[in-house]
Amino acid sequence: MPGTPRKKASIAGPRRKKAEPKVTGPELDRMQAVIVSSLEDDKAEDVVAIDLAGRASFADRMVIATGLADRQISAMATHLNEKLVEAGFKKTRVEGAGGTDWVLIDAGDIIVHLFKPESRTLYALEKMWSSELDEDGGETEA
């Protein structure tokens, strides 16, 4: 391939960072306990944890909870981030905390969804990721 090393590097794109090691076993359980405890302290409703191990590459678990108002959901996201950092977990990424019906918190191995009741019903993530769907083989009755 003709060209200077600089051009070749430019074509190849940025260097990939080494993947961060995934949290496993007891640490994952501890992270989930911190998340659930934080949400319950902030009066989240219908907190559900779903095991995604072997079914999704983006996370090992998903936690879904409901808040009644934008302000409550935003506060839950802020408090959750603070408690995870205090517990020694890396900083999380938060999407939608500016006042929407759905806030997503990416804590690495656990994804947290905070919804208003209407949005939670609309998106139905529990139904989409439930183990019953896998057991049915994806078939629906006519």
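How many bridges join strand E4 to strand E5, and in which direction do the two strands run relative to each other? Five bridges join strand E4, residues 102-106, to strand E5, residues 110-115, and the pair runs antiparallel. The model described here is predicted. The chain holds six helices and five strands, and the five strands form an open sheet with mixed pairing.

**The chain as a whole**

- Read from the N terminus, the elements follow the order α-α-β-β-α-β-β-β-α-α-α.
- The chain has 142 residues, of which 35% are buried.
- Among contacts in the chain with a separation of 6 or more, 57% are between residues 24 or more positions apart.
- The accessible surface of the chain is about 9,500 Å², and carbon and sulfur atoms account for 53% of this area.

**The sheet**

- The strands are arranged in the order E1-E2-E5-E4-E3.
- Strand E1 (45-51) and strand E3 (93-95) stand at the edges; each has a single partner strand, so one side of each is left without a neighbour in the sheet.
- From one strand to the next, the twist averages 15°.
- Strands of a sheet pair through backbone hydrogen bonds, either parallel or antiparallel.
- E3 and E4 run antiparallel and are joined by three bridges.
- Val94 has Ile105 in E4 as its bridge partner, and Ile105 in turn stands opposite Val112 in E5.
- Trp102 has Phe115 in E5 as its bridge partner.
- E4 and E5 make a hairpin with three residues between them. In the turn, Gly108 has a positive phi of about 90°.

**Helices against the sheet**

- Helix H2, residues 25-41, lies across E1, strand E2 (61-66) and E5, and runs at about 15° to E5.
- Helix H3, residues 70-86, lies across E2, E3, E4 and E5, and runs at about 160° to E5.
- H3 contains 17 residues and reaches 24 Å from its first C-alpha to its last, which is close to the 24 Å expected at 1.5 Å a residue.
- The buried residues of H3 are Gln72, Ile73, Met76, Ala77, Leu80, Asn81 and Leu84.
- An α-helix has 3.6 residues a turn, so residues three or four places apart point the same way.
- The cover over the buried residues of H3 includes H2, E2, E3, E4 and E5.
- Gly88 follows H3 and has a positive phi, near 95°.

**The nonpolar cores**

- The largest nonpolar core has 20 residues, among which Ile35, Leu39, Leu84, Val112 and Leu114 touch the most other members.
- H2, E2, H3, E4 and E5 are the elements that give two or more residues to this core.
- Leaving aside residues up to four places away in sequence, Ile35 touches Val63, Leu80, Leu84, Ile110 and Val112.
- A second, separate core has ten residues, including Leu52, Ala56, Ala59 and Phe115.

**Arg61, a buried residue in E2**

- Arg61 is found in strand E2.
- Is Arg61 buried or exposed? Arg61 counts as buried because its relative accessibility is 17%, under the 20% limit for buried residues.
- Residues up to four places away in sequence aside, Arg61 touches Leu28, Asp29, Gln32, Ile50, Asp51, Leu52, Asp109, Ile110 and Ile111.

**Positive phi outside glycine**

- Lys43 lies in the loop between H2 and E1. The phi of Lys43 is near 65°, a positive value in a residue other than glycine.
- Lys43 has a relative accessible area of 63% and is therefore exposed, the limit for exposed residues being over 50%.
- Asp46 is found in strand E1. Although Asp46 is not a glycine, its phi is positive, at about 50°.
- Asp46 is likewise exposed, with a relative accessible area of 57%.

Definitions and conventions:
Residues are numbered from 1 along each chain as its sequence is written. This is a predicted model: local features need pLDDT of at least 70, side-chain atom pairs count only at pLDDT 80 or more; totals for chains, interfaces and linings use all residues. Side-chain values use heavy atoms; hydrogens and water are left out. Two strands pair if DSSP finds at least two bridges between them. Helices (H or I, at least four residues) and strands (E, at least two) are DSSP runs, numbered from the N terminus. Axes are lines fitted to C-alpha atoms, for helices over the stretch in contact, and angles run from 0 to 180 degrees between N-to-C directions. Contact means heavy atoms within 4.5 Å. Buried means under 20% relative accessible area, exposed over 50%, partly exposed in between (1.4 Å probe, protein chains only). Accessible areas come from the Shrake-Rupley method with a 1.4 Å probe; for residues, only the protein chains shown count as cover. The expected span of a helix is 1.5 Å times one less than its number of residues. A nonpolar core is a set of buried Ala, Val, Leu, Ile, Met, Phe, Trp, Tyr and Cys residues joined through side-chain atoms within 4.5 Å.
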